[in-house]
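User: Hi! I am new to protein structures and would like to learn how to read one. Could you take me through it step by step?
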Amino acid sequence: EQVCISEKLHGMSARSGYVAEPDEDGNSTHIFMAGSHEVRRKEIDAKGNRSAFWVPLENENLRNLLKELSNDESNVIVFGELINTQKGFNYGCGSQVGFRVFDITVNMKYLDFDVVQDICNKHSIAMVPILYQGPFSWAKIEELVDGPTEMCPADKAGSFKGREGIVVKPIKERVSVNYPGDKRIIFKAISVDYSAYRDKKGAEEVDASDA
């Protein structure tokens with residue numbers, strides 16, 4: 001089976017969307033939204049601080065991507081990793097929070113990898129580093145799971161300069177027949193270097209904001 005293998009970045013899982021929001025009269029208008037996992041995040045919190053999860057939507061290219069795919073008809077979600085949000089994992093971002101895309105859904109359906117790649121290229125949106133495309137291979141997984149990050153030179157990466165691991169998924173999206181609920185086929189492998197760093201620094205410290 002043809003798969004893609006990408007670098008698993010260490011940050012905060014984030015989603016940016018353009019979705020229909022019903023009003024009191026039952027009419028719907030598409031609006032931008034941001035969140036993490038199953039939680040929507042307000043743009044401004046009670047203390048007047050702007051949520052980091054809204055940073056990707058400052059990019060006009062991302063807003064255009066969402067609106068183009070939606071056409072004010074479909075609900076579109078872009079999934080990615082907020083980076084430079086974890087101590088020791090700078091990824092060459094300096095003082096800025098970065099965002100790298102890894103998935104897109106339209107009406108809750110995941111788009112195939114090549115479609116996501118074409119859309120992101122069209123709108124100049126950065127994706128997570130793609131390390132491999134080709135036939136599924138355990139040898140290839142073992143080869144790529146460890147090593148330096150592809151995001152930046154080692155001297156700009158932070159105190160941890162390697163990969164958290166890798167993410168493997170089919171080029172053509174599919175679900176497993178072996179599990180109930182149409183589970184999507186996707187998995188990750190964790191780097192031994194990252195595991196050692198995590199153990200040394202303490203899991204609680206390393207994963208403090210990874211939620």
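Predicted model: local features only at pLDDT ≥ 70, side-chain atom pairs only at ≥ 80, totals over all residues.

User: Which residues of α2 are buried?

Analyst: They are Phe 113, Val 116, Ile 119 and Cys 120. These residues lie on the same side of α2, because they cover an arc of only 130° around the axis. The face turned away from that buried side carries exposed residues, namely Asp 118, Asn 121 and Lys 122. Just after α2 comes Ser 124, with a positive phi of about 55°.

User: Now the core. How many residues does the largest nonpolar core have, and which have the most contacts inside it?

Analyst: To read a core, look for buried nonpolar residues whose side chains touch one another. Here the largest one has 27 residues, and Leu 66, Val 78, Val 101 and Ile 104 have the most contacts inside it. The elements giving two or more residues to this core are β2 (12-22), β3 (28-36), α1 (60-70), β5 (76-83), β6 (98-106) and α2 (113-122). There is also a second, separate core of ten residues, which includes Phe 89, Cys 93, Met 151 and Phe 160.

User: What is Leu 66 in contact with, leaving aside its neighbours within four places in sequence?

Analyst: With those neighbours left aside, Leu 66 is in contact with Ser 16, Gly 17, Tyr 18, Phe 32, Leu 57, Val 76 and Val 78.

User: And sheets? What is the order of the strands in the open sheet of four?

Analyst: The order is β8-β1-β9-β10, with antiparallel pairing. At the edges are β8 (130-135) and β10 (187-190), each of which pairs on one side only. On average, neighbouring strands of this sheet are turned by 20° against each other, direction ignored. For a closer look, take β9 (residues 165-170), which four bridges join to β10. Val 168 has Phe 187 in β10 as its bridge partner.

User: Last topic: how many disulfides does a search of the whole structure find?

Analyst: A disulfide is a covalent bond between the sulfur atoms of two cysteines. In this structure, the search finds zero.

Definitions and conventions
Residues numbered from 1 in each chain as written. Heavy atoms only, no water. Core = buried A, V, L, I, M, F, W, Y, C linked by side-chain atoms within 4.5 Å. Buried < 20%, exposed > 50% of the residue type's maximum accessible area, 1.4 Å probe, protein only. Contact = heavy atoms within 4.5 Å. Pairing = 2+ DSSP bridges. Axes fitted to C-alpha atoms, helices over the stretch in contact; angles between N-to-C directions. Disulfide = S-S within 2.5 Å. Arc of directions from axis to C-beta.
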